[in-house]
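Please find below a colleague's note on the structure under discussion. It is set out as numbered points for reading beside the sequence and the model.

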Amino acid sequence: MSYTEVILPCRPVIDRTAALHIFEAAIGRPLKIRFMSQNTPLFNEDLQALSDQGIFTIGVGRGLKYTDRGFHSETSAILYELRSIEKISESDPVLDHFAWMMNMNNDHQSKKGGGYLRRQPYAVTWIMRQAYRLGHDPSEVGFTFTDEEVVRRGIHVIAVYLDVNRHSKNIVL
């Protein structure tokens, strides 16, 4: 894959950040991040033109959201796509459990109403949402973050979580 950039929706949440991390890990390098409204109309020709320019999209463009494609999370969608082109292993219990967590977080049809990860202690999903707010709140001048910085810090938390789960014998998935 010759991708050098990725387009994410503005202020991406943990699921889309996780999908980016998994994609970057699969191709072996970080990508330059651009942001776009998730409601921007992108047609097949637009997507092909972006891909030809080395730009991958996650969660942007009408009809391209994970739910439009039959998945419960962007994480599940990216795992499926990477497995279909044999860029990652067909079986990875850590990634599969992680995708399950993203699916549960997005499951607004359940009795719990989604938000599974926000209810966890010190939840990175809540921290990311607050960091975006701080990055744009003029009264919080000592705590400004760019959206890309929030995504990169979120990726760091995700990478550490996955690494610990791959190497720990005490964590049950």
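1. The model is predicted. The protein chain contains six helices and three strands, and from the N terminus its elements follow the order β-α-β-α-β-α-α-α-α. Of the 173 residues in the protein chain, 42% are buried. When contacts between residues at least 6 apart in sequence are considered, 61% join residues at least 24 apart.

2. The three strands form an open sheet with the order 2-1-3 and parallel pairing. Strand 2 (32–36) and strand 3 (55–57) are the edge strands, each pairing on one side only. On average, neighbouring strands of this sheet are turned by 30° against each other, direction ignored. Three bridges join strand 1 (residues 5–9) to strand 3 in the parallel sense; valine 6 has phenylalanine 56 in strand 3 as its bridge partner.

3. Helix 1 on the sheet. Helix 1 packs on the sheet and touches strand 1, strand 2 and strand 3. The direction of helix 1 makes about 165° with that of strand 1.

4. Helix 1 with helix 3. Helix 1 (residues 14–27) and helix 3 (residues 74–84) have axes 8 Å apart and pack at an angle of about 20°. Angles under 35 degrees count as roughly parallel, and therefore helix 1 is roughly parallel to helix 3. From helix 1, the contact involves Asp15, Arg16, Ala18, Ala19, Ile22, Phe23 and Ala26, which meet Glu74, Thr75, Ile78, Leu79 and Leu82 in helix 3. Classed by residue type, this contact of helix 1 with helix 3 has eight nonpolar, one polar and three charged residues.

5. Helix 3 with helix 4. Helix 3 and helix 4 (residues 93–106) cross at roughly 145°, and their axes come within 8 Å. Helix 3 contributes Thr75, Ser76, Leu79 and Arg83 to the contact, while helix 4 contributes Leu95, Asp96, Phe98, Ala99, Met102 and Asn103. The residues of this contact divide into five nonpolar, three polar and two charged.

6. In soluble globular proteins, nonpolar side chains tend to be buried together. Here the largest nonpolar core has 34 residues, and Val6, Leu20 and Phe23 are those with the most contacts inside it. At least two residues of this core are supplied by each of strand 1, helix 1, helix 3, helix 4, helix 5 (124–136) and helix 6 (147–167). Helix 1 gives the largest share, eight residues. Leucine 20, leaving aside its neighbours within four places in sequence, is in contact with Val6, Leu8, Leu31, Ile33, Ile58, Val151 and Ile155. There is also a second, separate core of five residues, which includes Ile7, Leu42, Leu50 and Val60.

7. Isoleucine 127. Is isoleucine 127 buried, partly exposed or exposed? Isoleucine 127 lies in helix 5 and has a relative accessible area of 44%. Buried means under 20% and exposed over 50%, so isoleucine 127 is partly exposed. The C-alpha atoms of isoleucine 127 and isoleucine 14 are separated by 9.8 Å, although these residues are 113 residues apart along the chain.

Terms used
Residues numbered from 1 in each chain as written. Predicted model: local features only at pLDDT ≥ 70, side-chain atom pairs only at ≥ 80, totals over all residues. Heavy atoms only, no water. Axes fitted to C-alpha atoms, helices over the stretch in contact; angles between N-to-C directions. Helix = DSSP H or I, 4+ residues; strand = E, 2+ residues; numbered from the N terminus. Parallel < 35°, antiparallel > 145°, perpendicular 65-115°, else oblique. Contact = heavy atoms within 4.5 Å. Nonpolar A, V, L, I, M, F, W, Y, C, P; charged D, E, K, R; others polar. Pairing = 2+ DSSP bridges. Core = buried A, V, L, I, M, F, W, Y, C linked by side-chain atoms within 4.5 Å. Buried < 20%, exposed > 50% of the residue type's maximum accessible area, 1.4 Å probe, protein only.
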